[in-house]
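Biologist: I would like to learn how to read the pockets of a protein model. Please take me through them.

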Amino acid sequence: MKSNKFRIAVRKFDAFESSINKIWESFCAKTGCGLELEAIPLDLHPLYDTILKENGLAKGAWDVSLINTDWITEAYTANAIEDLTPYINKDAPSDFPDGWSRSLLYKQEFDKKIVGLPFHDGPECLIYRKDLFESVEESVAFYKKHGKSLEIPKTWDDLIEVAEFFNRPEDHLYGTTFAAYPDGHNTVFDFCLQLWTRGGELFDDDKKIRLNSEEAIKGMVFYRKALQNSKAIHPESRDFDSIKSGMAFANGHLAMMVNWFGFASMCEFIEGSKVKGKVDIANIPAGPNGEGVSLNAYWMYVIGSGSQHKDLAYEFIKYAVNKENDKLLTLEGAIGCRKSTWHDTDVNNKVPYYHKLEALHKDTRSLPRKSNWSEIANVIDQLVLEVINTSKDIKSILDRAQKEVDHIENN
């Protein structure tokens with residue numbers, strides 16, 4: 001007997017929750033669907049556990065889920081998600097695939113099968129308070145202190161120098177933050193950014209993961225020093241995931257941060273934002289021998305292989321990613337994935353830097369597609385935590401982590 005409920009596992013975030021509820025209401029009004037929606041918001045670890053670790057997608061506990069690019073290979077390998085190719089061939093979403101940047105479509109393609117549709121994105125970038133950087137008073141004070149102009153940081157060392165300048169705890173303003181909460185994501189992203197922006201690579205010449213390269217060591221030396229710099233960093237950085245650091249910025253407590261584009265956009269939409277109209281974005285800083293590069297990870301809709309409502313599920317996600325709903329998602333405070341949204345007049349009136357998304361997408365790197373990536377990410381997570389929470393020799397920490405990854409890869 002078919003269930004009369006339609007269940008969606010949602011990444012806990014106000015904009016995700018409100019937009020999915022609104023899209024479902026309009027979908028039912030249009031189609032006459034009589035099922036009751038159960039859209040359950042979950043933090044990262046509980047979401048991963050219920051859809052993959054506990055096989056919720058495969059067993060039919062969830063009809064649809066939001067899933068990120070870190071987990072999509074594991075989901076496909078485990079046969080937890082439905083192949084959408086037959087549905088797309090029969091009735092594709094409008095403007096598919098040309099309505100999206102290629103950088104938002106390839107992660108969910110396996111063996112000529114498409115297993116997900118883009119939901120939310122926004123590569124990492126430097127988000128900063130333009131009112132502070134454009135202030136004549138601040139510029140004069142910075143010049144007096146450093147003998148040079150106040151500029152948007154182009155290197156990691158510049159970032160810390162400017163962060164120390166803007167760090168004013170007495171005014172509840174801190175220079176910057178790093179989302180160092182141990183969730184297997186934020187610290188992993190930071191490790192890769194520190195590596196890539198110094199000219200390093202995650203894989204060696206033999207296509208094996210390499211965590212203890214010279215560039216990785218230099219990156220972690222910087223990261224430890226930065227997280228321990230109380231003259232530059234928000235004191236709660238170790239408890240911040242990307243959402244909490246984004247909220248700290250929106251509340252006016254940070255001068256700048258490296259974070260997902262969506263947290264810049266969010267500042268223009270959410271009630272109570274203290275920095276509305278005062279935000280802009282730039283490229284991520286680089287190391288001495290590297291270039292600023294953005295990290296691209298995104299969320300998508302998938303259909304559970306065990307769903308009792310697969311046809312309806314496809315009709316819903318096809319409807320959810322149309323132009324109108326992609327724009328609705330954006331105006332709720334998330335990041336739409338369509339090119340039409342990026343260049344939409346209403347959206348750019350509210351977020352003047354929204355059109356910059358297309359350029360950001362042209363210089364992005366992604367984490368590898370590996371079915372055992374969650375295990376490897378946990379090793380990286382632990383090595384970063386050891387770097388920032390202990391005084392152990394960094395090369396020794398990375399060498400030990402390398403042995404763990406080698407063991408995972410060889411078994």
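Modeller: Start with the residue classes: Ala, Val, Leu, Ile, Met, Phe, Trp, Tyr, Cys and Pro count as nonpolar, Asp, Glu, Lys and Arg as charged, and the others, Gly among them, as polar. Keep in mind that this is a predicted model.

Biologist: How do the residues of the lining of the largest pocket divide into these classes?

Modeller: That lining has 7 nonpolar, 4 polar and 6 charged residues. The volume of the largest pocket is about 360 Å³. Its lining is made up of 17 residues, and those closest to the centre are Asp157, Arg198, Lys218, Phe222 and Pro288.

Biologist: Which helix gives the most to the lining of the largest pocket?

Modeller: That is α10, with 6 residues. Both α8 (156-166) and α10 (214-227) supply at least two residues of this lining.

Biologist: What is the volume of the second largest pocket?

Modeller: The second largest pocket holds about 280 Å³ of space. It is lined by 13 residues, of which Arg11, Asp43, Leu44, Asp241 and Lys244 are the closest to its centre.

Biologist: Where does the largest share of the lining of the second largest pocket come from?

Modeller: It comes from α2, which gives 3 residues. At least two residues each are supplied by α2 (44-53) and α11 (242-250).

Biologist: How many residues of the lining of the second largest pocket are nonpolar, polar and charged?

Modeller: There are 5 nonpolar residues, 1 polar and 7 charged in the lining of the second largest pocket.

Key:
Residues are numbered from 1 along each chain as its sequence is written. This is a predicted model: local features need pLDDT of at least 70, side-chain atom pairs count only at pLDDT 80 or more; totals for chains, interfaces and linings use all residues. Side-chain values use heavy atoms; hydrogens and water are left out. On a 1 Å grid over the protein atoms alone, a cavity is a set of points where a 1.4 Å probe fits but cannot get out, and a pocket is an open set with protein on both sides within 12 Å along at least five of seven lines; lining residues have an atom within 4 Å of a point. Grid points are joined across faces, edges and corners, and a volume is the space filled by probe spheres set on the points. Helices (H or I, at least four residues) and strands (E, at least two) are DSSP runs, numbered from the N terminus.
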